[in-house]
Amino acid sequence: MSGRRTFRFGGGLISVFMVLLVLMLSTFAVLSWVTASSEEKLADRAEQAASDYYRAVGAAAQDAGQAAFFAEQGDSEGMAALGELDGDILTLVHSVDDRRQLRTVYRIGKSAPYLSLLSQTVESTAEWEEESMNLWTGE
C-alpha cells in the first residue's frame, strides 16, 4: 500500500467557491443596474408630471390676477372670457397634460379681496370605458 500514489487536487473547492462568488457578484451588479435604470425612468416621469402641474398652476395664477382686475373694474365680460362665470362663481380650467386638467374655482367679491379661492383640483380627462362585470348573484 505504501507504493500506491493517490491523486489529490487540493484547489478544487476554492476554485468552485471563487466561480460561484464571481457569478453572484455579477448577478447582483446586473440587478442593481436594472433597478437604477427603472428608478431613473420613474424619477423622470415624476419630474415631468410636477413640471406640467406647476406650469398649469402658474397659468391659473396669471388668469386669477386678470380676473381680480376685471372684478375690481366690474367687467364681467372680461371674467367670462377667462373661464366659466356662473353668478359670482368663476371656474378656470387649465390643461396639465393630455390626461389631466387643473380646475380652479373662485368666488367673486364686491370689495377687496375680489377673488376668494374655493377649490383647486386636478381632474382626469382620460376616457373611461364601461366594462360590465358578470357577477355571481347566488343563483
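**Contacts, helix and sheet**

Tutor: Among contacts in the protein between residues at least 6 apart in sequence, 36% join residues at least 24 apart, where contact means heavy atoms within 4.5 Å. This is a predicted model, in which local features need pLDDT of at least 70 and side-chain atom pairs count only at pLDDT 80 or more, whereas totals for chains, interfaces and linings use all residues. Residues are numbered from 1 along each chain as its sequence is written, and side-chain values use heavy atoms, with hydrogens and water left out.

Student: Which elements does the protein have, and in what order do they run from the N terminus?
Tutor: There are 2 helices and 4 strands, in the order α-α-β-β-β-β from the N terminus on; helices (H or I, at least four residues) and strands (E, at least two) are DSSP runs, numbered from the N terminus.

Student: What radius of gyration does the protein have?
Tutor: The protein has 33 Å, while a compact globule of 139 residues would have a value near 14 Å; the radius is taken over C-alpha atoms, and the globule rule is 2.2 Å times the number of residues to the power 0.38. Along the principal axes, the C-alpha atoms fill a box of roughly 115 × 55 × 20 Å.

Student: And how far does H1 reach?
Tutor: Helix H1, residues 12-73, has 62 residues and reaches 92 Å from its first C-alpha to its last, close to the 92 Å expected at 1.5 Å a residue, the expected span being 1.5 Å times one less than the number of residues. Just after H1, Gly 74 takes a positive phi of about 75°.

Student: Which residues of H1 are buried?
Tutor: Asp 52, Ala 56, Ala 60, Asp 63, Ala 64, Ala 67 and Ala 71 are buried in H1, where buried means under 20% relative accessible area, exposed over 50% and partly exposed in between, with a 1.4 Å probe and protein chains only. An α-helix has 3.6 residues a turn, so residues three or four places apart point the same way.

Student: What do those buried residues of H1 pack against?
Tutor: They pack against helix H2 (76-82), strand S2 (89-95), strand S3 (100-108) and strand S4 (115-124). Ala 71, for instance, is in contact with Met 79, Ile 108 and Tyr 114, leaving aside its neighbours within four places in sequence.

Student: Which residues make up the largest nonpolar core?
Tutor: That core has 9 residues, namely Ala 64, Ala 67, Ala 71, Met 79, Leu 90, Leu 92, Tyr 106, Ile 108 and Leu 115. The elements that give two or more residues to this core are H1, S2 and S3, and H1 gives the most, with 3 residues. A nonpolar core here is a set of buried Ala, Val, Leu, Ile, Met, Phe, Trp, Tyr and Cys residues joined through side-chain atoms within 4.5 Å.

Student: Switching topic, is Glu 72 buried or partly exposed?
Tutor: Glu 72, which lies in helix H1, is partly exposed, with a relative accessible area of 48%. From C-alpha to C-alpha, Glu 72 and Thr 27 are 67 Å apart in space, and they are 45 residues apart in sequence.

Student: Now the strands: how many bridges join S1 to S2?
Tutor: 3 bridges join strand S1 (residues 84-86) to S2, and the two run antiparallel; strands pair if DSSP finds at least two bridges between them. The bridge partner of Asp 86 is Ile 89 in S2, and in this hairpin, which has 2 residues between the strands, Gly 87 takes a positive phi near 70°.

Student: How many bridges join S3 to S4?
Tutor: There are 9 bridges between S3 and S4, which run antiparallel, and the hairpin that they form has 6 residues between them. The bridge partner of Val 105 is Ser 119 in S4, while that of Gln 101 is Glu 123 in S4.
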